[in-house]
Amino acid sequence: MQDIINQYTNTIRVAAKCKSPLRIRGGGSKDFYGNNINENNCDILSVTAYTGIVDYDPTELVVTARSGTSLADLEAELQMHNQMLGFEPPHFGSDATLGGCVASGLSGPRRAYVGAVRDFVLGVRMLDGNGNDLHFGGQVMKNVAGYDISRLMTGSMGTLGLLLEISIKVLPIPPIELTLRMQMKEATAIEKMNQWAGRPLPISATCFYDNNLTLRLSGAESAVRAAHTKLGGELISDGLAFWNSIREQSHTFFQSGKSLWRLSIKSSVPPLILPGQQLIEWGGALRWFACGENVDADVNIIRSKSDLAGGNATLFRNNKKSVSVFHPPRSEMIKVYQRIKGKFDPAGIFNTGRMYREL
Amino acid sequence: MHPIELVNSLRVFLPPDSVLYETEDLRPYECDGLSAYRQIPMIVVIPRTEEEVIRILRICHASKTPVVARGAGTGLSGGALPHANGILLSLVKLKQILEIDPITRIARVQPGVRNLAISESAMAYGLYYAPDPSSQIACSIGGNIAENSGGVHCLKYGLTVHNILKLRVITIEGECLEIGGTSLDTPGYDLLALMTGSEGMLGIVTEIIVKLIPKPEKAQVVMAAFDDIQKACNAVANVIGAGIIPAGMEMMDKMATHAVEEYIHAGYNLEAEVVLLCESDGTAEEVMDEIQRINEIMKMSGAIDIRTSNNETERLKFWAGRKAAFPAAGRISPDYYCMDGTIPRKNLARVLGGIEKLSLEYGLRCMNVFHAGDGNLHPLILYDANRPGELKKTEEFGAKILEMCIQVGGTITGEHGVGIEKINQMCSQFKTSELELFHAVKSAFDPDGLLNPGKAVPSLRRCAEHGAMHVHRNEEKFPDLPRF
Ligand SMILES: Cc1cc2nc3c(=O)[nH]c(=O)nc-3n(C[C@H](O)[C@H](O)[C@H](O)COP(=O)(O)OP(=O)(O)OC[C@H]3O[C@@H](n4cnc5c(N)ncnc54)[C@H](O)[C@@H]3O)c2cc1C
């Protein structure tokens, strides 16, 4: 495996010397995500060859794997030991790799109740823009030696370096899960989801769509049954398939082909009035809008509404007019990002522009 | 700038009791919770508003004056140790809880607010702030951010980094950064995580939004006693292997239970070599199930005595013993030195055995109380600072423990931070290129190195002079540190 790392190091050093940009790529399942990078100007640095689990001892609740490891394989291995990735990452295709999952920082339906990718990442091994092979964090739950580079790398869209290995905290699979559905209006659903989150209930996912609130309960059988009695609602038999369709965006809502906006906002904000259809997740904290053709006209409205709602808006899919995919940060933040990027990647070769044009 | 000039420029906008410079006024600030290190600062400044913090930092930046932030001063690694030619910036007067939003389950607070005060004011809504360091009645939330503090419940509920949403941070240039938001995520680099645990090296935190979570309906704790440390360690692995994430999983050795029992009467089994406290919380049904399973696992793992708290008074009594462990050490020894390494749990018995050997070698007693669930050790080395040479011996003993932690794949600090105390061991845990990247990150925020200079990340020169060798993870020592 060291020879593969040596190859990556070489590629990076050569690219840095010529200042020629590299596009880091795992399985390519998240190619759609982020700003367009002009493919013709970039060499692709593929990490699919660097695969395998490096260390996994279920009683430690930690797995360390190489970044090219298939997410599906990794999850299958965990499942054999009755464990899982708590943040329920979307794969968006069978080619998804662990590296892509961590670099994109995307979490699934369980996120609001259990935590995000960044909450579970414990350590990384990476190559920076000078080709240095670096370790940060580790395999232990608590570690405050040095700055938290592992979490800084998480969600950085490959703009800071190449992830080689990642250590992640894993969780036991809950003994049982039930999916309930109840009919209600959007405003009521938002209120209810926030109220319930303030009570000790074993809720592990929520989704509001088409005047239906669907929720998942996870945990010990007795607790889940008791919560069902308290909350009421109709029991859904194909819960697994439903949550998978939300996680993987195969649900009809996501299939419209329209511009898909992801608004990550304060969970208690009352219904947002925006053009297009809506699906809500994460107890109200994540609101998806599938908007019509006129993206340019919508962008400003959507972004200012999400600012007011204490959050941000990402043009997640189908960016037809080339607007900035990610919510533009304030100018002082861009300056800080630029300085950080400059330290990790002085030649500016890694995934340039994919997150923000300035990076 | 001359100290007098500096004082004058601060007095322009601060009242006299916010700018201290007489030695007798400075004395209370000479150390934090790690009192072996002391230093009188040049000036202590105690701002009352964020605006004042900004003005102070602008002056420091312009005059190239070092600034050390200080919360409640309970830190255990000398992070708030003053700089002889610098300003000690005390944030105690920024102590307002600005907003509690029970619907969104968040609290907006100033950095000087005490950790426990947040939970106290959220209690009326059935909510609380989860991270609960043993020092929670005293320590500030700003200090918690700077150290990424944990507590006995962090295996299940996470550390500080998992329980905050937003920070306002003032840079050394006096610019205000708003990091994070009231949403669950923000695009861009995760500066929220970068700031957490950064020990006042990157900026001054002036406002925090923390998450509040619902108080569990019920909590119960099992006290299991073992006649053998390996059996107790196996019990920890068995609980987790069974798919249980306990709300807390703490271990105390015989010296600790005896020290505590004499003073708190927690009801621990005193025959046992080790006592485990394992807590379950959640809905009543969940807890009943889990407690039964924990009992079975403890029995199967060879516990000689198992007791379950039957009511809240009993539960708190079991915990009172654990929470009083540090003061109890103070009762049986003139001084104690608290270490903070974290190791993969599978190596617990091995490392505890190693500590015992070192204890004999150094002729110093060492008592162990720690967060067994997440492998975070707190060996307390008992010593007497008045005996010549004993502090030095203690520090050597401590350093050996930390190197052992690195060797088994762990880290030199789980929650207390590097500060000034573990600065040399950083040279063992990280190689040159890694330390260089830390310095680069620091310089992205503070190019002149004015914020808390000399802490958290050692200079490469220091590592070379210290002669420390980078200890490779899971390997024997390996000298790859270049000399300068
Ligand atoms: C008896 C005892 C028990 C303890 N138990 C635990 C425990 O269980 N878990 C645990 O994690 N810790 C524990 N600690 C350690 C300590 O309480 C924590 O590290 C705590 O977070 C420090 O908070 P403080 O307000 O006292 O910070 P201080 O000691 O004042 O400062 C700590 C660091 O934070 C920086 N800082 C402070 N405020 C700010 C700010 N606003 N902006 C930027 N930087 C700032 C300082 O420069 C310094 O580097 C314990 C300490 C004692 C004495």
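**View 1. The meeting of chain A and chain B.**
Let's start where the two chains come together. In this predicted model, 72 residues of chain A are in contact with 84 residues of chain B. The two chains bury about 6,600 Å² between them, and 59% of that lies on carbon and sulfur atoms.

**View 2. Polar and charged links between chain A and chain B.**
Here we stay with the two chains and turn to their polar partners. Between chain A and chain B the count is 7 salt bridges. A salt bridge joins Glu217(B) to Lys230(A), with the closest N and O atoms 3.6 Å apart. The count of residue pairs in polar contact between chain A and chain B, both at pLDDT 80 or more, is 29. Which helix gives the largest share of the side of chain A that touches chain B? That is helix α11 of chain A (residues 331-344), which supplies 10 residues. Sorted by type, the residues on this side of chain A divide into 32 nonpolar, 19 polar and 21 charged.

**View 3. The five-stranded sheet of chain B.**
Now for a sheet within chain B. Its 5 strands form an open, antiparallel sheet in the order β5-β6-β10-β8-β9. At the edges you will find β5 (97-101) and β9 (176-180) of chain B, each pairing on one side only. From one strand to the next, the twist averages 10 degrees. β5(B) pairs with strand β6 of chain B (residues 106-109) in the antiparallel sense over 4 bridges. To find your place in this pairing, look for Ile100(B), whose bridge partner in β6(B) is Ala107(B). Helix α3 of chain B (residues 50-63) lies across β8 (164-170), β9 and β10 (204-211) of chain B, and runs at about 45 degrees to β8(B).

**View 4. The seven-stranded sheet of chain B.**
Another sheet of chain B comes into view here. This open sheet has 7 strands in the order β15-β12-β14-β13-β17-β18-β16, with antiparallel pairing. Why is one side of β15 (305-308) and of β16 (335-338) of chain B left without a neighbour in the sheet? These strands stand at the edges and each has a single partner strand, so one side of each has no neighbour there. Neighbouring strands of this sheet are turned by 15 degrees against each other on average, direction ignored. Within the sheet, strand β13 (residues 248-253) and strand β14 (residues 274-282) of chain B pair in the antiparallel sense over 6 bridges. A handy pair to pick out is Met249(B), which stands opposite Cys278(B) in β14(B).

Helix α8 of chain B (residues 229-241) lies across β12 (218-226), β13 and β14 of chain B, running at about 180 degrees to β13(B). Helix α14 of chain B (residues 390-407) lies across β16, β17 (366-371) and β18 (379-383) of chain B, at about 165 degrees to β18(B).

**View 5. A salt bridge within chain A.**
Over all chains, the count comes to 44 salt bridges. The one shown here joins Arg110(A) to Glu88(A), whose closest N and O atoms are 3.7 Å apart. The pair links distant parts of the chain, 22 residues apart. Arg110(A) sits in the loop between α3 (98-104) and α4 (111-114) of chain A, while Glu88(A) belongs to the loop between β5 (83-84) and α3 of chain A.

Notes
Residues numbered from 1 in each chain as written. Chains lettered and ligands numbered in written order. Predicted model: local features only at pLDDT ≥ 70, side-chain atom pairs only at ≥ 80, totals over all residues. Heavy atoms only, no water. Contact = heavy atoms within 4.5 Å. Buried area = accessible area lost by both parts, 1.4 Å probe. Salt bridge = Lys/Arg side-chain N within 4 Å of Asp/Glu carboxyl O. Polar contact = N/O pair within 3.5 Å; in protein donor to acceptor, adjacent residues only side chain to side chain. Helix = DSSP H or I, 4+ residues; strand = E, 2+ residues; numbered from the N terminus. Nonpolar A, V, L, I, M, F, W, Y, C, P; charged D, E, K, R; others polar. Pairing = 2+ DSSP bridges. Axes fitted to C-alpha atoms, helices over the stretch in contact; angles between N-to-C directions.
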